[in-house]
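Hello,

Here is the structure I promised to pass on to you. Have a look at it first, and then read on for what turned up.

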Protein chains: 2
Amino acid sequence: MKVTEIRNKIIEKGLKVTPQRIAILEAIIKLNNHPTAENILDYIRDNHPNIATATVYKVLDALASNKLIKKVKTERDVMRYDAVMESHHHLYCSESDRIEDYKDNELNELLEKYFETKGIPDFQIEDIKLQIIGKFMTNR
Amino acid sequence: MKVTEIRNKIIEKGLKVTPQRIAILEAIIKLNNHPTAENILDYIRDNHPNIATATVYKVLDALASNKLIKKVKTERDVMRYDAVMESHHHLYCSESDRIEDYKDNELNELLEKYFETKGIPDFQIEDIKLQIIGKFMTNR
DNA sequence: TTGTTATATGATAATAATTCTCCTTTGAAA
DNA sequence: TTTCAAAGGAGAATTATTATCATATAACAA
């Protein structure tokens, strides 16, 4: 993803384009491993040695509330961030902090069809996310 | 659930039975709304005015690691606790903090069958939890 | 019942991620 | 270039949770 594309994403949302915002969004996209705020800070400190911690959080909030990134919460209590905005599920390692995206349209259709006919009493479904817990058979 | 039953649950796990543990486990069962540590404290303070906050957390940890309760993590960052130990899913209100259990064996079987045949490359599934986000059509 | 000991509790300090405050800087529209 | 709302920086504050450690108590045995 080129910087121009990232700039455009930010402009499309009516946000001001700042070096910090570009760096942070770029970091989340490049890292592609659901980084924490700290991971992001470490990554961008090379090129932005003066960025403030609070700025990172503020930018992450701004990006998340403008749907440029998603917040991902885990069992342990650090927020993690994801730049993949298509609806998708997550694979959680039961032994480490590793999290991977899991996209499966066949599954989405299956679930959609299932709940369409069955439904849930007194509940209007907006989104379904699977947390698939287990063990990765490969190291990343 | 009678106190004797709660005592037995604790004894079965080889834990010492203390008034604090009974009160906390009882509170989670009675409240039945995935309370936070604070909710639990408020609830039991009537009968246990001197219980320490740290004790509540320690008891919650002890109960969770002995599989008498489950920790439930939400988008906001307070841990919540659940005494329903059968594998089940959760309905999350997109507008409030309400969380309800969702049990559906038909769905579990469907998912099991789906992943049994399809599988996930390089991943060994241990458990699948659905986060179903939407709106409740009733107030509790 | 009493004594013993490992374990649990209570009080309070510490921690760590995140948020707030407030002042300065900057992007972008005119 | 000017203007000014919005964004960033620095560091204090907040808040849920954990750690520490002295005291109390459950469970077991005598």
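Let me start with the polar side of the contact: between chain B and chain A, 22 residue pairs are in polar contact, with both partners at pLDDT 80 or more. Please keep in mind that this is a predicted model.

Which elements of chain B give two or more residues to the side that touches chain A? They are strand 1 (70-73), strand 3 (89-93), helix 5 (105-118) and strand 5 (123-136). Strand 5 of chain B supplies the largest share of that side, 14 residues. By class, the side of chain B that touches chain A has 18 nonpolar, 13 charged and 6 polar residues.

Strand 5 is also where the two chains pair: strand 5 (residues 123-136) of chain A runs antiparallel to strand 5 of chain B, over 13 bridges. To find your way around there, look for Gln131(A), which stands opposite Lys129(B).

Charged groups meet across the interface too, with 6 salt bridges found between chain B and chain A. One of them joins Glu126(B) to Lys135(A), and their closest N and O atoms are 2.5 Å apart.

As for the overall extent, chain A and chain B each bring 37 residues to the contact. Together the two chains bury about 3,500 Å², and 60% of this lies on carbon and sulfur atoms. Within chain B, the residues that lose the most area to chain A are Lys73(B), Phe123(B) and Gln131(B), which together make up 18% of what that side buries.

Technical notes. Residues are numbered from 1 along each chain as its sequence is written. Chains are lettered from A and ligands numbered from 1 in the order in which they are written. This is a predicted model: local features need pLDDT of at least 70, side-chain atom pairs count only at pLDDT 80 or more; totals for chains, interfaces and linings use all residues. Side-chain values use heavy atoms; hydrogens and water are left out. Contact means heavy atoms within 4.5 Å. Buried area is the accessible area (1.4 Å probe) that two parts lose on being put together, summed over both. A salt bridge is a side-chain nitrogen of Lys or Arg within 4 Å of a carboxyl oxygen of Asp or Glu. A polar contact is a pair of N or O atoms within 3.5 Å; within protein, one must be able to donate a hydrogen and the other to accept it, and residues adjacent in sequence count only if both atoms are side-chain atoms. Helices (H or I, at least four residues) and strands (E, at least two) are DSSP runs, numbered from the N terminus. Ala, Val, Leu, Ile, Met, Phe, Trp, Tyr, Cys and Pro count as nonpolar, Asp, Glu, Lys and Arg as charged, and the others, Gly among them, as polar. Two strands pair if DSSP finds at least two bridges between them.
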